[in-house]
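Hello,

Here is the structure I promised to hand over. Please open it first, then read my notes below.

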Amino acid sequence: MKTEVTVMALPALEEWRERYRREMNCQIVHDSWHRRGFTDLYGFRVGGRLVGYGAVGGSPGEPKDIVKEFYLDRDARGAAVELFEALIEVTRARSIEAQTNDNLLSLMLFDRAVELEARAILFADAFISALDSPGAVVRRLTTAEQGGVFPHTVEPVGDWGVDVEGTIVATGGFFLHYNPPFADLYMEVAPEARRRGFGSFLIQELKRQCREAGRTPAARCDPSNFGSRRTLQRAGLLPNARILRGRVAR
């Protein structure tokens, strides 16, 4: 089979990215990389026919040498290994990063990469929780309140907060730059208020606000952050994938 890999502009491949999004049907963590210019797209042609694409990118200021997406027509997937090898050769990619719920790219990761490391755990909305936090109220924060809350060290100050007798003990919100309809929930709890259930209570209410806005709640956290994992799981968000990165073995 004659395989040709050619670089194509984003507009020429947007239809293919939309097919990829529909098949994934989940939060794609780095979906916004494309419109922010962090990726280059490569089209696959077999016998002159376009059969899919690959995306190779990198964080701001770093080389674009990480394979981030790999999508093929179903009738071309028998040539997946050959096409992926061609992508690696043309782009000189050094790493592969895949969400484990991306079956095709995960297969290429396990086949072609070494030194795998988990970079994040992804969560999907699994059930509606019924948590209660006596004395606590979740409400939208004013601009003045946002400027005067406790120092945040990990997440930004959110639009919503947990108010306990006039003190904001946690804030959070949801990002909308992910592939629709998915939104990414985030929150941070003041150090002195942790381990009291405020984080899970806030996530529960953020899920509701997210759904009312017509979005599907999702989340992610560092694999070593056991506190965040428990918080998300108590509020009905359960792990559905990991982001794994490995070095291309040459």
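**Helix α5 against helix α6**

In α5, residues G199, S200 and I203 meet R230, T231, L232 and R234 of α6. Contact here means heavy atoms within 4.5 Å. By class, this contact holds two nonpolar, three polar and two charged residues. Ala, Val, Leu, Ile, Met, Phe, Trp, Tyr, Cys and Pro count as nonpolar; Asp, Glu, Lys and Arg count as charged; the others, Gly among them, count as polar.

Before going on, note that this is a predicted model: local features need pLDDT of at least 70, side-chain atom pairs count only at pLDDT 80 or more, and totals for chains, interfaces and linings use all residues. Residues are numbered from 1 along each chain as its sequence is written, and side-chain values use heavy atoms, with hydrogens and water left out.

Helix α5 covers residues 198-212 and helix α6 covers residues 226-234. Helices (H or I, at least four residues) and strands (E, at least two) are DSSP runs, numbered from the N terminus. The axes of α5 and α6 are 8 Å apart, at an angle of about 45 degrees. Axes are lines fitted to C-alpha atoms, for helices over the stretch in contact, and angles run from 0 to 180 degrees between N-to-C directions. The two helices α5 and α6 are therefore oblique to each other. The cut-offs: under 35 degrees is roughly parallel, over 145 roughly antiparallel, 65 to 115 roughly perpendicular, and the rest oblique.

**Helix α2 against helix α3**

Helix α2 (residues 80-91) and helix α3 (residues 103-112) cross at roughly 70 degrees, and their axes come within 11 Å. That makes α2 roughly perpendicular to α3. A80, V81, F84, E85 and I88 in α2 meet L104, L105, M108 and R112 in α3. This contact of α2 with α3 has seven nonpolar, no polar and two charged residues.

Find β10 at residues 182-189. Eight of its eight residues are buried. Buried means under 20% relative accessible area, exposed over 50%, and partly exposed in between (1.4 Å probe, protein chains only). In a regular strand the side chains alternate between the two faces of the sheet. From β10, F182, D184, Y186 and E188 point one way, and A183, L185, M187 and V189 point the other way.

Strand β9 (residues 167-175) runs antiparallel to β10, joined by six bridges. Two strands pair if DSSP finds at least two bridges between them. G173 stands opposite Y186. β9 and β10 form a hairpin, with six residues between them. P181 sits in the loop between β9 and β10. A cis peptide bond joins P180 and P181, with omega about 5 degrees.

Strand β11 (residues 216-221) runs parallel to β10, with three bridges. There, P217 is the bridge partner of A183.

Y20 lies in helix α1 (residues 10-24). Y20 counts as buried because its relative accessibility is 4%. Leaving aside neighbours within four places in sequence, Y20 is in contact with I28, Y53, E69, Y71 and D102. Y20 and Y53 are 33 residues apart in sequence and 9.6 Å apart in space, C-alpha to C-alpha.

N25 lies in the loop between α1 and β2 (39-46). Its phi is near 50 degrees, a positive value in a residue other than glycine. N25 counts as exposed because its relative accessibility is 59%. R92, in the loop between α2 and β5 (95-99), has phi near 55 degrees, a positive value in a residue other than glycine.

Best wishes
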